[in-house]
Every structure is written in structure tokens, then in C-alpha cells.
There are 2 protein chains.
Amino acid sequence: MTTARAAAGTASTRGRRVGRRSGDQRELAILATAERLMTGRPFAEISIDDLARGAGISRPAFYFYFPSKDAVLLTLLDRVTEEADAAAGTVLDRVAEDPRTRWRELISRFHDTFRAHRAVVLACAQARTTNPEVRELWAAVLERWVRCTETAIEAERRRGAAPDGLPARDLAVALNSMNERVTYATLAGDGPAVAEADVVDVLLDVWLSAIYRSTTPPSA
Amino acid sequence: MTTARAAAGTASTRGRRVGRRSGDQRELAILATAERLMTGRPFAEISIDDLARGAGISRPAFYFYFPSKDAVLLTLLDRVTEEADAAAGTVLDRVAEDPRTRWRELISRFHDTFRAHRAVVLACAQARTTNPEVRELWAAVLERWVRCTETAIEAERRRGAAPDGLPARDLAVALNSMNERVTYATLAGDGPAVAEADVVDVLLDVWLSAIYRSTTPPSA
DNA sequence: CAACAATCTCGACACCCTGTCGAAACCCGC
DNA sequence: GCGGGTTTCGACAGGGTGTCGAGATTGTTG
């Protein structure tokens, strides 16, 4: 509930202590309906009428709770965002464990977050191309993971465990982009993909060699 | 012109030697209009009416040439596909050069192909989430690059230059996915990105360390 | 308990977009 | 100058979005 979209008719009454017998229920019903329908077909194919009917109200009534279909998605994304940020945060705290375990944790949390919210993630990936708000919110989530990675790389370099090389930021962006695309492809069945069971191992392998690498390619 | 969508009214007359004074012109005019408009705003926001008017015909007349807006995109994508396949193909032939140069070539061709057709690539990335034909054609393009990479990795391993490790296929998928996402993000200004000038170098660095890697991470 | 205001609901409307149909105009070889 | 393929478009049907204003419902308050 941080972004500008906020529900329409209720924006001004949000903080009151009483009332709204059916209002909150309805808002939640719309969100629940959206999540339910999204697991069955792409978000783009779900009409506002579908959401309204699913929540037991008429289409115009829908607009009392949300200004548009995208606003529903954005609210759903907010939840994922919070969870993803939390997941990214906790990994940094584990300093005691060995590096391989820590990196594995980072990657598998990323992957798990995607998978746990498959429908929302898929819908956002699509909506972000047309909706600036979705694009920015999504970018912010990614940015968190990138920064988390960057910090960890720098720490490893400082303690002499990882060699210098690419700017940590660039490396972090590249590796997280790989994770995003590979994980997405696995979930969406979109393009060349890695077997679901191997995804984390494959990604980890590339991460480790890129971060701790020591060889340059031999000549011909 | 290989896929099923083919133009509507002209399907049966495609191979004839005479006639069609204005027909072919119009078809090209539609394609040209699409490319022109796509550079200014997202494909999703361009209506069939826009394309028709741009080509100097009415909306119903558009349907004589293409069965839908997506069919136009698909035709545009066909061109990119051919160019991309050609680019992927030529890299494999250069056996004489040193590995680093070959890999760099592979990556930068990929990147250049994307950049040269920015608008089409962006539109396809969006359309592929809703249109199975676009999705499959796009996946096929990616698959070519993956196979090209896979073959090259295996060759390096056979000659003892690269160590064994991940299945070549998985590694190739992961690295190409990284390229796709990083390149896309750079073009679309979408999410955390690497500076345009550094993209190829950053990607190359990760590729080389993943393919020729020799170290495992140190313990804590 | 009546009346007021906030909350909530929906029928009806304006608008935009897609895709189709059938009638008509056009161009060609004969 | 006629017949057949090619090309064009007005008009329609259907479905989606977003808005408006009138009405129903409900909690609060004098």
C-alpha cells in the first residue's frame, strides 16, 4: 500500500477505526479472485468483469475499489515485493557459513520466491512492458537482489577470497539477470530452459566460476 | 514467409508471375508503417487502423493483407530470424582464430542483432507472452544460439582447453539467457542494466570464466 | 428515532478496438 | 466490352474499458 495507485473510493477513509463491513471484504475478494483466475489463464485474458463477478459485485462497483486491472496486479506485486526483500535481506546476515552455502542460499531463495508466486510473476513480466508502475516496482525488487549480490562480492574480494575483475556492480547485474531469465523461462515454459530440478545447481555453478574465477582462456 | 500465418487474400496467388500492381506495394507499406510507428511507441499501442492509414488504405483492407496485427509482427520477426540465424552460423566457421576472439564475436553478434532491430525485439518480447506463434519463433531463434554455444563448448572440452563440468547444454542455456536478459534490459531501459558500452565485455568475462573455470570457492 | 453523510452499488452511456460480410470498383487477358 | 481474379471499403456485431449519476445501505448523531 505504498505506491500511488491505492484503492479509489477508499483512499480517504483508510485510517478510520470503524465501519466498512463489506468494503474490506470485497477488496480482498477481488484480490483473491485475481489470484485464483491467474493460475488458470494469463492475466491479460482476464477481464474486469471476471474479477467483479468473482468477487460478487458488478463491473462499475469494481472501480470503487481499484482504478484499473493493473492496480490489482500492483497490489498483488506489493506482497511479493515484501517477501522478496525479506528473503534477500536474511541471506546477508549469515556470515558464519561457508561461501558456497551462502551463494546457494541466495540463488535458491530468488528461485523459490519466483516459484511461490508464479502467476503474479508471469503477469508482471508481461504487464511491465506496458505499465510504468509495474516496471518500476519490479526493477526495484531486482535492484535489491543486485545490491545484495554486489555487497557480498565486495566482501569476498576484501577478504582476499575472490579476485578482482569486473566491477562488482556489473557482475552482480549480469548474474542476477541470468537468474531472472532462466527462472522465468523455467516457470513459463518459454524458450530454451534448464530442467526444473537442476536450475539452482546450474546457476550456482556459473556464479561461483564468475566470482572466484582464476583462469583466462588458453590460446588456440 | 515460412510459417502458418501467411497473408490472407494472397495466399493462393503468391506464386504467380503477373499482376498485383498495388498489392505487393501495399503489403510492404504496411510493414514499413509498422516499423516506423514501432520506433515511437510500443507495438501494443498501435492499432490496426494506424497501420492501415499509414499504408493508405482502410481498416478492412488491412485484413486483405494480414489476418491480424500479430501477423505483421511475425513477418517482421521472420526477417530478424533469418539475420540472427545467419549471424550465429558464421561464427562457428571461424576455427582458426583464438578462443577469446571467437567467443567475443558470438556475444557481440548476438548483441548487435538485438540492437539493430530494437523495436521488433521489444515488441516480440511483449507479444510472446500472449501469442504462441511469436513465442515459438522466438524460442527457435534462441535455440539456434544455444546450440551454437553448446557445440563450441564441447569442441573446447574435446581439445582439452576447457574442463568438464556442467552439461554443455545447461551451461549454454544459462549463458545465452544471461545475454538475452542483459541485452534486453539495456535496450528497454528496463530494470538494473549495464552501461551500453560495457555490455559485451561484461558478458564475455562471465562466459570465459564459466567455460574455462578451474577454481572452486575457498572455504570460510 | 429520524435525518444526515459516508459508503457502496449498479444501469446506462460513450468510446475504442477487433474481425467479418457483402457489395462494388478495378484491372487484366481475351 | 466481357468475365474472373484482385482489391477496396461501408456497415455491422461483439466485447472490452472507464465514467456518471441516481439510488440503496449503513453507522453516527442530534
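Across the interface of domain 1 and domain 2 of chain A, 2 residue pairs are found in polar contact, both at pLDDT 80 or more; such a contact is a pair of N or O atoms within 3.5 Å, where within protein one must be able to donate a hydrogen and the other to accept it, and residues adjacent in sequence count only if both atoms are side-chain atoms. Helix H1 (23-38) and helix H2 (48-54) of chain A each supply at least two residues of the side of domain 1 that touches domain 2. H1(A) gives the most to that side, with 5 residues.

Please keep in mind that this is a predicted model, in which local features need pLDDT of at least 70, side-chain atom pairs count only at pLDDT 80 or more, and totals for chains, interfaces and linings use all residues. Residues are numbered from 1 along each chain as its sequence is written, chains are lettered from A and ligands numbered from 1 in the order in which they are written, and side-chain values use heavy atoms, with hydrogens and water left out.

The rule also finds 1 salt bridge across this interface (a side-chain nitrogen of Lys or Arg within 4 Å of a carboxyl oxygen of Asp or Glu). The area buried between domain 1 and domain 2 of chain A is about 1,200 Å², with 75% from carbon and sulfur atoms; this is the accessible area (1.4 Å probe) that two parts lose on being put together, summed over both.

| Partner of A:Asn131 side chain | Distance |
|---|---|
| A:Asp70, side chain | 2.7 Å |

How values were computed
Helix = DSSP H or I, 4+ residues; strand = E, 2+ residues; numbered from the N terminus.
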